[in-house]
Amino acid sequence: MITQKIIDFFGITDYFILFFLTLTTYIFTFYYNYLIRPNPLPGPLPLPFIGNLYNFVYGLKSFYEQCQRKYGDICEIMINGHRCIVISQPKYMEKFFSHSSYSGRLLYSQGVEEIGFYGRGITLNEGYKSWNYHRQFFTYALLAPRFMDTTINFTNKLYKEMSGYWQSLGKQNTLSNNYDNKNWILETDFHGWFHCFANDLISIVTTGERTYTIASYYNTQSTIKSEHPDALVEDGYKFVNANVNFIKDIIFFIFDEIIKNRRKKIEEMPLDKDMNSDMLTLLITANTTKSIAKVKALDGKMLKPMSDEEIRINLLEAILGGTDTTSNLFCLITYYLCKYPHVKQKMILEIDSIFPKSSEKFNVSRNDISKLKYCKAIIKETNRIIPVAMFTPRCTVGECEFAGYKWPTSTHFHLNIIGANNHPKFWSNPEIFDPDRFYDDNKYDQKFVDKNFIMFGGGHRVCPGRKLAMTEILLLMALVFKSYNVELVDINKPLKFDVGAVASCQELKVRISPRI
Ligand code: HEM
């Protein structure tokens, strides 16, 4: 009753004045705080409520490029109400990439809370103790030599399956009747194939269970269907293209079943029996009587074995971190190789020298990977020009000093990787694609190049999937370019790509035909 009386007491003009006063006070406070902020840096003027979101209309890449050009190597923007310092020069990033101090990722945001990652797992976990716990297990599983062998084995297997589908489609699509097994051409979208490939690979190496998205993608284009049962293949391609929130809910549900069943199987298994080396098995057995190695915290203390819930989030992070990154990078590599035929030729010479043409059973082994030095340089140079992770967010967990300023706790930073990797002070002709930067000691100072190049970040937060990513991509380069001629369907068409959390290739139309 009293509330109603108060509401009735005021007229519409009073409400308008109240609204106007609140708005003016908010705007005044907003710009007052902006003006008295510590270490004021140049940057685009933030607007109340939306900060600098309006600057992102032309995409993240062009915004960072513009910031660097206009405001220099260190400037500031405002996102989600947080002041954020954008750093675009490798030297200033050293602080974050050194192992001497830990830094966080980002503070609370509603979106992150909604997808269920805030404060859990690795990437978006701010609590040092909890992050460190997950990170030690994650790294242990992904860097285990047995895990690498599993990755190599399945990359070879899945590639063979995919290559079989290309042959089948190539023969179906080649209209002329006079083709033989080696005389067909296929125009196809590499983005579609490698998105599915990365998905199938990461699923099997993390959970030990197969998905069938490559087969599902093949079925969408072929009159002959894949040999896998329909029930397994159906909708696989649609699933990997669905929205992350939807996938996350289903994956959580499926993971619970998979983890429970695997635990039971492992418990029943005799101690002397060899176990699989997928991530799930390694995580379940870690620090139990069945583990092959012990996982310790950074202070050397033994960690408790992981619960199902903890394992689930680690698996999900590996799947989310390991699909789009590798598939997009492989597409970008293909694009640059086709645009620079002399680089492609040099790469093919390297591949042919390691795998002689006569080899019938073409399998890439761990030993072969270390020999693919020029291929490795191509991967780095592609990621230099267009880094798959364009930036990495960090935030200080204590006071610190660098770039001539003292930064308070919880200052947000965006490390502008694309800006640093294309910085004209550090890279000569940065716009030219030249893998020799990472290969030719006589032309480039390799120590200088390594110091200034950023691909997987650095320090405590360095990408834990780096070895898996490099192994997968090197293997794919050898396997694909050894067996196929690959050309862009339209060499003059600009690359279709978008920048969100990762630089993502939207489509890559190529023409492939057998080489040998
Ligand atoms: C070409 C492939 C990849 C690239 C370029 C890449 C790049 C990066 C970068 C730049 C970071 C931030 C590091 C930092 O802040 O210092 C990162 C973090 C991370 N990456 Fe990757 N990544 C790739 C593949 C993978 C794969 C295959 C996985 C997992 C299977 C993975 C899982 C993660 C995780 C969990 C983090 C968060 C680490 C933490 O906060 O402690 N990434 N990655």
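Helix α7 (residues 145–173) lies across strands β3 and β11 and runs at about 125° to β3. The model described here is predicted. Helix α8 (residues 190–207) also lies across β3 and β11. The angle of α8 to β3 is about 60°.

Strands β3 and β11 belong to an open sheet of three strands, in the order β3-β11-β8. The pairing in this sheet is antiparallel. Its edge strands are β3 (186–189) and β8 (484–488), and each of them pairs on one side only. On average, neighbouring strands of this sheet are turned by 30° against each other, direction ignored. Strand β11 covers residues 509–514 and is joined to β3 by four bridges. In β11, Ile512 stands opposite Leu186.

A second open sheet has four strands. Their order is β1-β2-β7-β4, and the pairing is mixed. β1 (74–79) and β4 stand at the edges with a single partner strand each, so one side of each has no neighbour in the sheet. From one strand to the next, the twist averages 30°. Strands can pair through backbone hydrogen bonds in a parallel or an antiparallel way. β2 and β7 run parallel and are joined by four bridges. Ile87 has Leu415 in β7 as its bridge partner. Helix α3 (residues 60–71) lies across β1, β2, β4 and β7. It runs at about 135° to β1.

Helix α4 (residues 90–97) has buried residues: Pro90, Met93, Lys95 and Phe96. Several elements cover these buried residues. Among them are strands β2 (82–87), β4 (391–395), β5 (400–402) and β7 (412–416). Helices α18 (417–421) and α19 (446–452) are also included in this cover.

Packed helices are described by the angle and the distance between their axes. For helix α15 (residues 341–354) and helix α17 (residues 373–385), the axes come within 8 Å. They cross at roughly 145°. On the α15 side, the contact involves Val343, Lys346, Met347 and Glu350. These meet Tyr374, Cys375 and Ile378 in α17. Five residues of this contact are nonpolar, two are charged and none is polar.

Phe497 lies in strand β9 (residues 496–499). Phe497 counts as partly exposed because it has 19 C-beta neighbours inside 10 Å, whereas a buried residue needs 20 or more. Leaving aside residues up to four places away in sequence, Phe497 touches Ala503, Ser504, Cys505 and Gln506. Ala293 is 204 residues from Phe497 in sequence. In space, the two C-alpha atoms are 42 Å apart.

Conventions. Residues numbered from 1 in each chain as written. Predicted model: local features only at pLDDT ≥ 70, side-chain atom pairs only at ≥ 80, totals over all residues. Helix = DSSP H or I, 4+ residues; strand = E, 2+ residues; numbered from the N terminus. Buried ≥ 20, exposed ≤ 12 C-beta atoms within 10 Å, placed from the backbone. Contact = placed C-beta atoms within 7 Å. Axes fitted to C-alpha atoms, helices over the stretch in contact; angles between N-to-C directions. Nonpolar A, V, L, I, M, F, W, Y, C, P; charged D, E, K, R; others polar. Pairing = 2+ DSSP bridges.
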